[in-house]
Amino acid sequence: MKKVLIILNPCAGTRQANRYFAEIVDTFCKADYQVSVETTAKSGDGTVIARERAEEFDLMVGIGGDGTFNEVVAGVLESGKDIPIGYIPAGSTNDFANSMGISTNILQAARDIVESEPMKLDIGTFNGRYFSYVASFGAFTRASYEAPQSIKNALGHLAYILEGIKDIPSLAPLEVRVSMEDGVYGGKYLFGAVCNSTSVGGILTLSEDYVDMNDGKFEVLLIKSPANIIELNQILFALSTGNYMNCNMISFFSSGDLEIEASRDMPWSLDGEYQEGSEKIHIKNIRSAIKLMTKKTGK
């Protein structure tokens, strides 16, 4: 009999997974899995649990938000055990799940895990720390980890937007230099994201035509700091239409290996969780790092 460990964040989102938990377990039992369960109590617990117990199981499943999934992924990678990972999204925005086409219906997501085949997926590292789908700085970045959980639960995507709008009047241009395989980008920026996703914070969206989650590359979006209302309107229009390529205020390109120079005081967000800044940052794509149980087959 196969063995699965379910790692549950009982405080994620509106806690709807808690209400359906018996049915989730039953889904895995009916698929001939012997089920074990661990719950997280604080940030980082998911990584510790996954790392220390990966050797015992054939499948690891995270239930919670994107931060919970991030922790489970990190733990499995740190364990060195090549086991598939399942994700039942129960957070406030579930950007990663939306990008992967993973159902946000709790029970359907569980059924999809037991009925699917593993799909290889890229994962990133930020100075050695793993992230699943995005590393970002600047506008709206603080909103991803500072919006109160109660507000996130009630308002979802809107919570991030409201928190981010509060940020804009106080935002100073951020001096950043990005070096990659094909050249160097540098200047004063309002926002930047290195992502493997079609959605960032529920605010920015990328076309599926641009995003391949298993090609060894990230999509990189850098938004220059506007000097006047005309430039600001150019940015807003490009973001609202998704036409990043034809806006001279936005740099959009793909890269699997980036060296970034920035202020140590500039905070980052990794998968919606706080990351302390650094003067020198190395972001690297690890191609086919994990096996994700999902029905989405990709391109």
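Colleague: Why does Ala90 count as buried?

Modeller: This is a predicted model, and burial in it is read from relative accessibility, with buried meaning under 20%. Ala90 counts as buried because its relative accessibility is 3%. As for its place in the chain, Ala90 is found in the loop between strand S4 (85-89) and helix H5 (95-100). The C-alpha atoms of Ala90 and Asn18 are separated by 9.6 Å, although these two residues are 72 residues apart along the chain.

Colleague: How should I read the largest nonpolar core, and which of its residues touch the most other members?

Modeller: A nonpolar core is a set of buried residues of nonpolar kinds such as Ala, Leu or Phe, joined through side-chain atoms within 4.5 Å. Here the largest nonpolar core has 44 residues, and those touching the most other members are Met60, Phe69, Phe96, Met100, Leu121 and Ile290. Helix H4 gives the most to this core, with five residues. There is also a second, separate core of 22 residues, which includes Phe131, Val176, Met180 and Val220.

Colleague: What does Leu121 touch, leaving aside residues up to four places away in sequence?

Modeller: With those sequence neighbours not counted, Leu121 touches Phe96, Met100, Met213, Asn214, Ile286, Ser288, Ala289, Ile290 and Leu292. Among these contacts of Leu121, Phe96, Met100 and Ile290 are also listed with Leu121 as residues that touch the most other members of the largest nonpolar core.

Colleague: Turning to the strands, in which sense does S9 pair with S7, and over how many bridges?

Modeller: Strand S7 (residues 134-138) and strand S9 (residues 183-195) pair in the antiparallel sense, with five bridges between them, and within this pairing Ser136 stands opposite Ala193 in S9. Strand S8 (residues 174-180) also runs antiparallel to S9, the two being joined by seven bridges, and here Glu175 stands opposite Lys188 in S9. Two residues lie between S8 and S9, which form a hairpin.

Colleague: Which residue of S12 is the bridge partner of Cys195?

Modeller: The bridge partner of Cys195 in S12 is Glu219. The pairing of S9 with strand S12 (residues 218-224) is antiparallel and is made over six bridges.

Notes
Residues numbered from 1 in each chain as written. Predicted model: local features only at pLDDT ≥ 70, side-chain atom pairs only at ≥ 80, totals over all residues. Heavy atoms only, no water. Buried < 20%, exposed > 50% of the residue type's maximum accessible area, 1.4 Å probe, protein only. Helix = DSSP H or I, 4+ residues; strand = E, 2+ residues; numbered from the N terminus. Contact = heavy atoms within 4.5 Å. Pairing = 2+ DSSP bridges.
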